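Here are a few friendly notes to go with the model you are about to open.

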Number of protein chains: 2
Amino acid sequence: MRAEIISIGDELLIGQTINTNAAWMGAEMSKISFLITRMISIPDKKEDILKALSEAAGKVDVVLITGGLGPTSDDITKPVLCEFFETKLVNDEKVLRMIEEMLLRRNFSMNDNNRRQAEVPESCRVLYNASGTAPGMWFEKQGTIFISMPGVPAEMKHLMKEHVIPELEKRFHSQVIIHKNIMTYGTAEAKLAETLTGFEAEMPESISLAYLPSYGIIKLRLTAIGTDRDLLRLQIDSQVRNLYRIIPDIIYAEDEETMEMTTGRLLRTKNATLCTAESCTGGNIAHLITSVAGSSEYYKGSVVAYDNSVKTGLLNVPEKLIEEHGAVSLEVAEAMAKGARKLFSTDYSVAVTGVAGPEGGTAEKPVGTVCISIDSKENTVTRKFAFGGDRNINIMRFSVAALNMLRMAISGAK
Amino acid sequence: MRAEIISIGDELLIGQTINTNAAWMGAEMSKISFLITRMISIPDKKEDILKALSEAAGKVDVVLITGGLGPTSDDITKPVLCEFFETKLVNDEKVLRMIEEMLLRRNFSMNDNNRRQAEVPESCRVLYNASGTAPGMWFEKQGTIFISMPGVPAEMKHLMKEHVIPELEKRFHSQVIIHKNIMTYGTAEAKLAETLTGFEAEMPESISLAYLPSYGIIKLRLTAIGTDRDLLRLQIDSQVRNLYRIIPDIIYAEDEETMEMTTGRLLRTKNATLCTAESCTGGNIAHLITSVAGSSEYYKGSVVAYDNSVKTGLLNVPEKLIEEHGAVSLEVAEAMAKGARKLFSTDYSVAVTGVAGPEGGTAEKPVGTVCISIDSKENTVTRKFAFGGDRNINIMRFSVAALNMLRMAISGAK
């Protein structure tokens, strides 16, 4: 089955909003075996919306549309849908009541803008939206299903989960698409591709492989397309086993597991606790760790030692060490890790000190230099890396490198 | 002038990669007065790529293409470009030498995949890429310029900044588009739209207004389109003055200034220092603050007190306070703020304790409850909010609310 995603909104085209909705919908539709043939972002303009709708009608099975349904005057999707589906706006009593209740709960009063949100095209089936004020709308034309949803991510996701996905699943079932991700860390893309040349050549026709790099992690995505789910599952499993044979050292997890999820899982298994001491990453490692639900079970806390006085004061790093080796040094990283582990009384600690940039680089320690130390009762591992890139990329690369070292320390990998 | 953006890659369509490239290119092209007519994401498939190229040829002035130029076999953009522009791949000596040097610097050796990256379509003008191994390519057909770039964000950005933007600026200059953003915090979208009904009705034809909400912040984007830059500038300025008259209390900054930039700017002006104490936000506030270059001038550090023992131990929150009022309470937030300010010896401190979810909510303190305290020599302000949403949305909403309270404390706003 084929689907297309249309995102409406000037803010997308001028780059003020990143289109995370399309990615999320693409992932969900893939899970129920839809092939996304294209994603298109268009402005809040009548002609562009009509053109995109016409292009899709009769070509794909399903068109998902988001955006342009807000309470403000720049949102014109609803009248344009009426024109395309040759219908008119009518008041929907149930939507009106739901909006009233929602506003009451938030202590807002109803205004004309809200009332306008209760109007829907007469010919559509309304998808009631318990998480916001704009309802979803389901149309059919030329054999294609068109579903229009608000652009607010939480509202779109609610409608997709409650209405769209279950109904599409009921209606379509023939072609099957299965994805399997193998997560790797520690090699470059071209190098990995070279290692896997033979593997790729021997893959069955039904399977394809993609390389998806991000901050040092390369996700290997295997995709199988066919009609027999069990057969595809067996084929994928066999390819995964081959990967574990060819590149055992760099695989750290499967599926969509991030490095912070993997370390969390390992800590949980070992019933061990963790703390962090961050300089240049400024709280990002703590943020990644705590973005995993349930992290309070193993994570105790962090000292963000942005200023050197915090390194010496709170983390007990000897001032002499900083004078002799500089704040960005193996010695200081190790002292930070030991200081943090003592302060928080945890089984493991991670410490990071480096130069994220754009300022602060020197010939000896250019922007992108980072020292990372992992301390535990058993041992201390400290390493220096030379990355290099802009500030926010460095902060992410340093963070992932630190979590990877922690993972290796916990799992006993070398 | 009109432009279109084509993003190539299966990973975009199945939602495994969020298309941040298109947003970035859209923003840059807008700055040099290009109107982006659409953004389209298509799979690594020959027919889809050819179709997208044909659809754009002769319709827009410029087509920016990213993706599918990597060293791995799933990348097919280059041969498809050859087919579309009726040319063939030839070896480019300069690209080969640049790849060699780059690999040498990273201590990687050259392989066949890398050598293939030095092949370019004969009819294109090569845009040399000093930041990666895949070069950019500039074609012209039916009056349309096609520019193909790698999908790796850093490499694409490098080519855009060094080659594409400067050359397009030289070649085109007629229609002018000006954007101006006014950043607001503290009201709901429908409410704000109601307040601005009269303002919108009286705007000149050449100007449009959009509402862009994100974690409590609503960005008001004014867009002026015309031919006379000075006139448009005057019109925009006059609208901005009107906004300051109508909604003075909720405007916190202009342009793309985030809350963490605003607070940083205010701290710098006052020559004041800051520290943070975070529980449920788990380092995200520290991360936001330190994502601003130069933040080390005013930011000293943070204690992420994820575990209650860290609140009592490091931040000196009396155990009795937690027992009596619970860890999520005005009393504990205030004690955390005072404890942190003493620990780090700063002028201001921000403390946050709340329930981010999905676990940990109670009838009295449901998921989304947060207590925030700002402490300074002059006074202490502590407030409780009830948001509600999923974990990562809550972490962001809490963080922005805390930074907004800090902003008000520093600027003396009520």
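What share of the 414 residues in chain A is buried?

1. Buried residues account for 58% of chain A. Please keep in mind that this is a predicted model.

2. On overall dimensions, the C-alpha trace of chain A spans about 75 × 60 × 40 Å along its principal axes. The secondary structure of chain A comprises 16 helices and 17 strands.

3. Now the contacts: taking those in chain A between residues at least 6 apart in sequence, 68% join residues at least 24 apart.

4. One sheet deserves a look of its own. Four strands of chain A form an open, antiparallel sheet in the order β10-β11-β9-β12. Because β10 (207–214) and β12 (251–254) of chain A each have a single partner strand, they stand at the edges, and one side of each is left without a neighbour in the sheet. On average, neighbouring strands here are turned by 25° against each other, direction ignored.

5. Within that sheet, β9 (residues 176–185) and β11 (residues 217–226) of chain A pair in the antiparallel sense over ten bridges. As one example, A:I177 has A:I225 in β11(A) as its bridge partner.

6. Finally, helix α11 (residues 259–270) of chain A packs on this sheet and touches β9, β11 and β12 of chain A. The direction of α11 makes about 90° with that of β12(A).

Notes:
Residues numbered from 1 in each chain as written. Chains lettered and ligands numbered in written order. Predicted model: local features only at pLDDT ≥ 70, side-chain atom pairs only at ≥ 80, totals over all residues. Heavy atoms only, no water. Helix = DSSP H or I, 4+ residues; strand = E, 2+ residues; numbered from the N terminus. Buried < 20%, exposed > 50% of the residue type's maximum accessible area, 1.4 Å probe, protein only. Contact = heavy atoms within 4.5 Å. Pairing = 2+ DSSP bridges. Axes fitted to C-alpha atoms, helices over the stretch in contact; angles between N-to-C directions.
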